[in-house]
Amino acid sequence: MSRILIVEDEAIIRTALRRLLERHDYQVSEAGCVDEALALEPRGFDLVISDLRLPGEPGTDLIEHAAPTPVLIMTSYASMRSAVEALKQGAVDYVAKPFDHDELLETVARVLHQRSTHNTSPPDITDAGGARQPMIGECAAMQAVYTRIRKTAPADVTVLIQGESGTGKELVARAIHQQSQRAHAPLICVNCAAIPETLIESELFGHEKGAFTGASAARTGLVEAADGGTLFLDEIGELPLDAQARLLRVLQEGEIRRIGSVETRHVDVRLIAATHRDLRALSKTGEFRLDLYYRLNVMQIDLPPLREREDDILLIADVLLEKACQRHHRDGLRLSRAARREIRDYPWPGNVRELENALERGVILAEGHLIHPDDLGLRPSLAPAPRSIVESQPATAQVESEVLDAEEDLSLEDYFQHFVLEHQDHMSETELAQKLGISRKCLWERRQRLGIPRKKQARRSSA
């Protein structure tokens, strides 16, 4: 049952709202002002509904004190200004009094649902060095991944992780293992694409001495080494058909047989598989066993590509940059505004792995305390402007350009805005476009995008 705190100084409205919510199975507490609400510990509630105008402090003061609990603002002054101001201060939404009962209940249900679906904290992962850190990401797609990890980990079922290369499939496998009942047992990670096809069966299932040329001693396979724990098979779509048949028996019967042996061994292994390929499509072409696919796909977790995680890209970049700085002893190095914009807008076909590599390049190549777009090496460098064009610029523009280049965080858009505002009083649109090296249409589009108004007065030459 969700707990809601009503903060309203008018007793009639407060009581009516409490009865309305209690009829819909909400647990409700009341307060007449901000001080009374703070005494009830608003962070312990699922939602705070507060009037905007209260005796003493306004209801918006609760936004900070109640965080992360959402605050829904009520106001009898149904102006857009008061509503927008409340939203700017962090209110989750607003309702105007007198409010419609159905509309209010719908808003409350929506806010509580959003809170429940976005309140899943990222799981902590222990890396190979023993350090623990949470997975990075706060977007809705990653919240769904965290929820699936939390529900799947204790179930001890086979899991199939799907996602493009570089999206962090092994991190998800580690999170599942470390939150499972097998966390005390080993996690064995195998990249099926990295092992030659002639050796993959021996690596996974082991072999007896003399089983084939070069088998000078018996060897335990990785499946057997994971007994009692978790086996993570990355890029399982690259597994040869013979090895797929052996793996199917492990899943069905819990048994393995080493190459060259007639003896079967019982193993207790939880399998987590990952792939960037469509296993169902591969099964139609005979490249992947359909029965194995169904055995693997008990629980499926889909990882979003980095280009669909716009809200997370810079957050991930900051964490990866800090690690790269530590590795290369470049403390204090940071991304310029232009570099951050480049990172945000780049499509990242290689996902997080490509981002990590770009930041590594940036840390190595940066000469000052800022990493610029050229240091990241994401796009081909533009050819330098012909000398004639540079020399044709007015001396004032050249000096201004040099000053702007010295600014550590100045982007191309910053320069554009500065130049237009500085010169539009005494230059026509055509002259501005020529000096900037763009067309009039491009100048107009950039004005619209950056919100730079065009001067109303027309430029007339004296007769």
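The accessible surface of the protein comes to about 25,400 Å², and 49% of that belongs to carbon and sulfur atoms (areas come from the Shrake-Rupley method with a 1.4 Å probe, and for residues only the protein chains shown count as cover). The model is a predicted one, so local features need pLDDT of at least 70 and side-chain atom pairs count only at pLDDT 80 or more, while totals for chains, interfaces and linings use all residues. Residues are numbered from 1 along each chain as its sequence is written, and side-chain values use heavy atoms, with hydrogens and water left out.

On the overall picture, the protein has 21 helices and 16 strands (DSSP runs numbered from the N terminus, H or I of at least four residues for helices and E of at least two for strands). Of its 463 residues, 42% count as buried (buried is under 20% relative accessible area, exposed is over 50%, and partly exposed is in between, with a 1.4 Å probe and protein chains only). Looking at contacts between residues at least 6 apart in sequence, 66% join residues at least 24 apart (contact means heavy atoms within 4.5 Å).

Next come the charges. The whole structure holds 22 salt bridges (a side-chain nitrogen of Lys or Arg within 4 Å of a carboxyl oxygen of Asp or Glu). In one of them, Arg 18 pairs with Glu 30, and the closest N and O atoms are 2.3 Å apart. Arg 18 sits in helix α1 (residues 11–23) and Glu 30 in strand β2 (residues 27–31), so this pair ties together parts twelve residues apart in sequence. Both also belong to a salt-bridge network with Arg 14 and Glu 22. Another bridge joins Asp 156 and Arg 182, at 2.7 Å from N to O. Asp 156 is in the loop between α6 (140–152) and β8 (159–162), and Arg 182 is in the loop between α7 and β9 (187–191), so parts 26 residues apart in sequence are tied together. Asp 156 is partly exposed at 36% relative accessible area, whereas Arg 182 is buried at 8%.

Not counting residues up to four places away in sequence, Lys 169 touches residues including Phe 232, Asp 234, Glu 235 and Ala 274.

Ala 274 also turns up among the contacts of Leu 233, along with Val 190 and Leu 247, once neighbours within four places are left aside. Leu 233 and Ala 274 are 41 residues apart in sequence, but their C-alpha atoms are 6.3 Å apart in space. Leu 233 is part of strand β10 (residues 230–234) and is buried, with a relative accessible area of 0%.

Finally, some backbone details. The peptide bond from Ala 67 to Pro 68 is cis, with omega near 10°, and Pro 68 lies in the loop between α3 and β4 (71–75). Glu 41 has a positive phi, near 55°, without being glycine; Trp 348, not a glycine either, has a phi near 55° too. Glu 41 is exposed at 54% relative accessibility, while Trp 348 is buried at 0%.
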